[in-house]
Amino acid sequence: MTAPLLAISHLGAVSGRGIGVPILRDVSLEIAHGETHGLVGESGAGKSTIAKAVLGILPHGIRLTKGRIELAGRDLLSLDARARRELLGAEVALIPQDPLTALNPGRRIETQLTDGLILWRGQAFKEARRRMLALLEEVQIREPERVMRAYPHELSGGMRQRVLIAAAFGLEPKLVIADEPTTALDVTVQKQILRLIRAMQARHGTGVVFVTHDLGVVAQICDRATLLYMGKVMEQGRVATLLEAPRHPYTQALMAACPRYDRPGQGLEPVPASVFATCRAEIAAFDRAEAGHG
Amino acid sequence: MAEAALAKAEPASPERRDRGVLRAVLAEPKVVFGGSFILLLIAVALSAPMIAPHDPLEQDLMSGTLPPHGFAGASPDFLFGTDDLGRDVLSRLIFGSRIALTVAFVAASLAALLGTLLGLLAGYFGKMTDIVVSRLIEIWMAFPPVLLSILVVAIMGSGVGSVIAAIAIIDWTRFARVVRAETMAQAQADYVTAARTLGFGRMTILFREILPNVAPLLLGLVTLEMGIAVIVEAILSFVGLSVSSDTPTWGGMIAQGRQIIYQAWWVFALPLVALFATVLAFNQLGDGLRRALDPVMQR
């Protein structure tokens, strides 16, 4: 059996000094080549922290306490900064949350898009530009030539997100991490962007980690998903199974909280307090066990 | 309105954008006023030997302290009159602009270079770098600037080079403070994170990603600094610490005119007017540039 594309095992993280506040509690997950994996949870569940830990861009004050992150069998955490940068730069790409600030306002699109190819493939600007022009067409941007020469502020939010998607696939990475890529966009644009990511993923055979709080999005584009609550994995598995027959009460409660267009009378139930209590009790039990070991 | 809606759906052509910035800059009256005066002054300074009616050093004791045109006893040869040694005030003003502008451009650029570099490093790397640079700025700003510049020139010896060095050594803090704050703000932006995930080194991110976004701010600041440099040069000339006395400078003329102010007020007043107009023009230009290039004010 070959190594999975991304294997996170027993990852723990805390914020603050000393023992700190736990942010991730023993998170393990595996992502196969070409798989789209959803990281689902509410705010503060640790889904973005996982993404940032993989990319090595954890904010100040958050540090990993244990666990391994392996990319195609290579332990990322044991690499020195330079080797890690080389590995990540070429093989893992990020589709950021907010397309409005993720492009440098002071540089033309063409110079930003070609950065990666020039840096990691040693291509000349013209060559890199040709390649990215083709990608812009692939993400269905009309008049890619004009977009190339534009500055970010001349493009709409949806257009910028398309540019960022093209940028993410530019180096043919093995893994793309999409950090809530549709949150900042209009609902109508969201759907196009989701389809686009799905299409690009299928065409390029890329593995995708999809960070979101929206179970509807997970249902649409993910193969498998991990459900987090307070940094602990609540339920994990194939999306079909997860949504058809949720085992964990938290998953069930989240399902009930989703709006159902097919049954307008139902849905939008707030997560009952008893479910949170169950989750908290589980986490408290886990923390006790941890403290006992450590 | 319809045009605005279209512009959102379709990217504006880059050419139009570039021309747009230029038009925005030129639409600012302060830029037009300040800029044209500075351009005129540059032309005067460059062509000084050709347009000056007299040699600025030529003394003619027979025609000393002649008043400017329009006053009783004026000579048609000397438009702005003469000083107590009979030197032509207009010619001296024209040649004086050379020193003023040289100091303005070189000193302001050097101060900007030094300050921007330290500000970028402090703002981006933080921690010890920031502590060292910030404390340095605080210590620096506690010194009285004029006295400090006199001290620098006194140590280095008089001359244009010393004046320029003094201004750069003292005024870098103006740039460092502003650039540091702006760099800190820019470093939080997602595009910096994006550059990090792409694997760019920190220096590359600092100079290729962050610097271009700090640059518009710098342009206005440099222009304002040029005005300050003109004043500082005049002050140092006034106290006799700038260039040697056989090179005409506005500050030197003011110092000389002060002694004969009751006999020949124009020797004192005219270089003052030149100084005033030049500093005002630089300030207006800098202020106008800042307004025109500010993305918030553009909207």
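**Helix α4 of chain A**

A: Start with the buried residues: in α4(A) these include Ala128(A), Met132(A), Leu135(A) and Leu136(A). Keep in mind that this is a predicted model.

Q: How are they placed around the axis of α4(A)?

A: They sit on the same side of α4(A), because they cover an arc of only 100 degrees around the axis.

Q: And what exposed residues does the face turned away from the buried side carry?

A: That face of α4(A) has Lys126(A) and Ala134(A), both exposed.

Q: What do the buried residues of α4(A) pack against?

A: They pack against α3, α5 and α6 (157-169) of chain A.

Q: How does the span of α4(A) compare with 1.5 Å a residue?

A: It agrees. Helix α4 of chain A covers residues 125-138, so 14 residues should span 20 Å, and the end C-alpha atoms are 20 Å apart.

Q: Glu180(A) isn't a glycine, so what is its phi?

A: About 45 degrees, on the positive side. Most residues other than glycine have a negative phi.

Q: Where is Glu180(A)? Buried or exposed?

A: Glu180(A) is in the loop between β7 (175-179) and α7 (187-204) of chain A. Glu180(A) counts as buried, because it has 20 C-beta neighbours inside 10 Å, and the cut-off for buried is 20 or more.

Q: What about Lys127(B): where is it, and is it buried or exposed?

A: Lys127(B) belongs to helix α6 of chain B, residues 127-142. Phi of Lys127(B) is also positive, near 45 degrees. Lys127(B) is exposed, because there are 8 other C-beta atoms within 10 Å and 12 or fewer counts as exposed.

**Chain B**

Q: How many helices and strands does chain B have?

A: There are 13 helices and zero strands.

Q: What does its C-alpha trace span along the principal axes?

A: About 75 × 55 × 30 Å for chain B.

Q: What percentage of chain B counts as buried?

A: 42% of its 299 residues.

Q: Contacts in chain B between residues at least 6 apart in sequence: what percentage join residues at least 24 apart?

A: 70% of them do.

Q: Where is Asp84(B), and what does it touch?

A: Asp84(B) is in the loop between α4 (48-51) and α5 of chain B. Leaving out residues up to four places away in sequence, Asp84(B) touches Gly64(B), Thr65(B), Ile260(B) and Ala264(B).

Q: What separates the C-alpha atoms of Asp84(B) and Leu148(B)?

A: 33 Å, with the two residues 64 apart along the chain.

**The nonpolar core**

Q: Which residues have the most contacts inside the largest nonpolar core?

A: Ala166(A), Ile177(A), Val209(A), Ile167(B), Ala229(B) and Val230(B). This core has 151 residues. Its largest share comes from helix α5 of chain B, residues 89-125, with 18 residues.

Q: Take Ala229(B). What is it in contact with?

A: Setting aside neighbours within four places in sequence, Ala229(B) is in contact with Val103(B), Ala104(B), Ala107(B), Ala108(B) and Ile167(B).

**Where the chains and domains touch**

Q: How many residues of chain A and chain B are in contact?

A: 27 residues of chain A with 18 residues of chain B. On chain A, α2 (81-91), α3 (109-121) and α5 (144-149) each supply at least two residues to that side. The largest share, four residues, comes from α2(A). By class, the chain A side has 13 nonpolar, six polar and eight charged residues.

Q: Which domains does the assignment give for chain A?

A: Domain 1 (6-245) and domain 2 (246-294). Their C-alpha centres lie 26 Å apart.

Q: How many residues are in contact between domain 1 and domain 2 of chain A?

A: 13 residues of domain 1 are in contact with 12 residues of domain 2. On the domain 1 side, β10(A) gives the most, with three residues. That side divides into nine nonpolar, one polar and three charged residues.

Notes. Residues numbered from 1 in each chain as written. Chains lettered and ligands numbered in written order. Predicted model: local features only at pLDDT ≥ 70, side-chain atom pairs only at ≥ 80, totals over all residues. Contact = placed C-beta atoms within 7 Å. Nonpolar A, V, L, I, M, F, W, Y, C, P; charged D, E, K, R; others polar. Domains from an automatic or database assignment. Core = buried A, V, L, I, M, F, W, Y, C linked by C-beta atoms within 7 Å. Expected span 1.5 Å × (residues − 1). Arc of directions from axis to C-beta.
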